[in-house]
Amino acid sequence: MKAVRVTAPSTLEIADVPMPEPGDQVLIKPITVGVCGTDVKVFTGAIAVDYPRILGHEVIGEVVAAPSESDFQAGDRVLIDPASSCGHCDLCTRGRPHLCRNAGLLGREIDGVFADYVLAPTSAVLAVPDTISVQASGLLQVLGTCVHALSAVTLVPGQVVAVIGLGVAGQLMVQLLQDQGVTVAGITRSEWKRDLAARNGAAMVTAPEDATSALADLTSGRGPDLVIEAVGYEKTLAQSIELVGIGGEVIVFGTLTGGTEGLPYYQLYYKELTLYNPRAALIGDYAAGIELAAAGRLALETVVTHELTLDEAARAFDLVHDPSSLKVLMHI
Ligand SMILES: [Zn+2]
Ligand SMILES: [Zn+2]
C-alpha cells in the first residue's frame with residue numbers, strides 16, 4: 001500500500017509499504033485526512049520521531065474489516081481518536097487517558113494515517129453519520145480537541161469570550177462558543193479570517209492592535225470573562241493575560257514551545273487568573289463534536305481552504321503555514 005512517510009528531517013517519501021495485519025483491531029481505509037502543525041513539526045524534525053514514520057493523525061475513513069464482536073462493519077464511516085493510551089497508568093485509571101504516561105500519537109510514536117490503510121483499536125473508533133459532509137468530517141478531530149479545551153470552563157450565556165488567533169482551531173472555537181450562547185470576539189491580523197469568524201457568529205472582530213479598546217467597548221471596560229489563546233506564541237499569551245478581565249480565565253490552546261521570559265507575571269497574580277493548558281481530547285469530546293456537527297449546528301466546511309490528494313503531501317505541508325490557508329485536507 002501507498003504511504004507518506006518521513007525518513008529523516010524534512011525528507012518525505014511516498015513509499016510502498018506492507019498492509020497492516022488487523023489482528024483484533026479495526027482495519028480502516030482513510031478517505032480524508034487533515035494536515036496540521038504537528039505533522040509539519042514531525043516532518044521538519046522539530047518533533048523527534050523514529051524513522052521511517054508514516055505521518056498523519058487526523059482522519060476520516062471507511063471500515064474495511066472489524067472484529068466480529070465490535071459495533072463496526074465494513075463500509076462504516078469513522079473517526080479515529082489518534083491518541084493511544086495504556087489503560088493502566090495512574091492518569092488512565094483516573095479518567096484522563098489523553099494524558100497517559102505511556103501515550104502514543106498516530107503519525108508520531110505510531111505509524112499514521114497518510115496511507116491507504118491504517119489500524120485502530122475498537123475503543124478509538126467512532127461512527128461518523130452521513131449527515132456530516134466529507135469536508136466537515138475532515139475537521140472532526142480538531143473539533144474534538146476544541147470541545148475538550150472548552151470543557152475546562154463553565155460558560156454562561158451572555159459572557160464575553162475573546163479568541164486570539166482565527167486559524168482552524170480559533171474558527172472552530174468561535175463556532176462552538178456562539179453555539180453556547182456567549183458573546184464572541186475574534187482577534188487576528190488577517191482580515192479575511194476576521195470576516196469568516198464574523199459570518200460564523202463572532203459578535204465583534206478586531207485586529208490585535210485595536211483589541212484593547214474594542215473589548216473595552218464590548219464589555220463596558222471589564223474585559224472578557226475568558227480569553228482563548230489559539231496561536232501559540234508568548235506574545236499572544238501575554239496579550240491574553242492583558243486583555244482578560246479581573247477574575248477571568250485564559251485557555252492556552254496554542255502550543256507554546258519557546259522560553260518563558262517576558263510574560264506579565266504580575267497580572268497573573270493580580271487578576272488571580274486561572275490558566276488552562278488542555279492537551280488532546282477525551283473520546284467523549286469527539287463524540288460531542290460529532291453530535292454538534294451532525295445536528296447541523298456548525299459550519300465546518302467554511303474552514304476548509306484546500307483539498308489535495310495524497311501525492312501532493314509536500315505541497316500540503318507548505319500550505320499549512322500559508323496565510324491563504326485554513327484547513328488543508330488531502331483526499332485519498
Ligand atoms: Zn492535528
Ligand atoms: Zn496510561
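Visitor: Which residues are buried in α10?
Guide: Helix α10 covers residues 283-294, and a helix here is a DSSP run of H or I with at least four residues, numbered from the N terminus, while a strand is a run of E with at least two. "Buried" means 20 or more other C-beta atoms within 10 Å of a residue's own, "exposed" means 12 or fewer, and "partly exposed" is in between, with C-beta atoms placed from the backbone. In α10, that picks out D285, Y286, G289, I290 and A293.

Visitor: What sort of model are we looking at?
Guide: Residues are numbered from 1 along each chain as its sequence is written, and chains are lettered from A and ligands numbered from 1 in the order in which they are written. Local features need pLDDT of at least 70, side-chain atom pairs count only at pLDDT 80 or more, and totals for chains, interfaces and linings use all residues, and the model itself is predicted.

Visitor: How far apart are the end C-alpha atoms of α5?
Guide: The expected span is 1.5 Å times one less than the number of residues. Helix α5 (residues 168-179) has 12 residues, so it should span 16 Å. The model agrees with that, as the ends of α5 are apart by 17 Å.

Visitor: How many of the residues of α5 are buried?
Guide: This helix is mostly covered, and its buried residues pack against α4, β11 (160-164), β12 (183-187), α6, β14 (226-229) and β18 (327-331). Among the buried ones are Q171, V174 and Q175. Out of 12 residues in α5, the buried number is 10.

Visitor: Which exposed residues does α6 carry on the face turned away from its buried side?
Guide: Start with the covered side: K193, L196 and A197 are buried. They fall within an arc of 100° seen down the axis, so they line one face of α6. That buried set packs against α5, β12 and β13. Over on the face turned away sit E191 and R199.

Visitor: Is N200 buried or exposed?
Guide: N200 is in the loop between α6 (191-199) and β13 (204-206). Leaving aside neighbours within four places in sequence, N200 is in contact with Q171, V174, Q175, A299 and T302. Because it has 21 C-beta neighbours inside 10 Å, N200 counts as buried.

Visitor: And Y51, is that one buried or exposed?
Guide: Y51 lies in the loop between α1 (37-44) and β4. Setting aside neighbours within four places in sequence, Y51 is in contact with V6, T7 and A8. With 12 C-beta neighbours inside 10 Å, Y51 counts as exposed.

Visitor: In β6, what is the bridge partner of I60?
Guide: Strand β5 (residues 58-65) pairs with β6 in the antiparallel sense over 3 bridges. β6 is also joined to β10 by 3 bridges, again antiparallel, with V78 opposite A127. For I60, the partner in β6 is L79.

Visitor: How far apart are the centres of domain 1 and domain 2?
Guide: The bounds come from an automatic or database domain assignment, which gives domain 1 (2-144 + 280-331) and domain 2 (153-276). In contact are 12 residues of domain 1 and 10 residues of domain 2. Taken over C-alpha atoms, the centres are separated by 28 Å.

Technical notes:
Contact = placed C-beta atoms within 7 Å. Pairing = 2+ DSSP bridges. Arc of directions from axis to C-beta.
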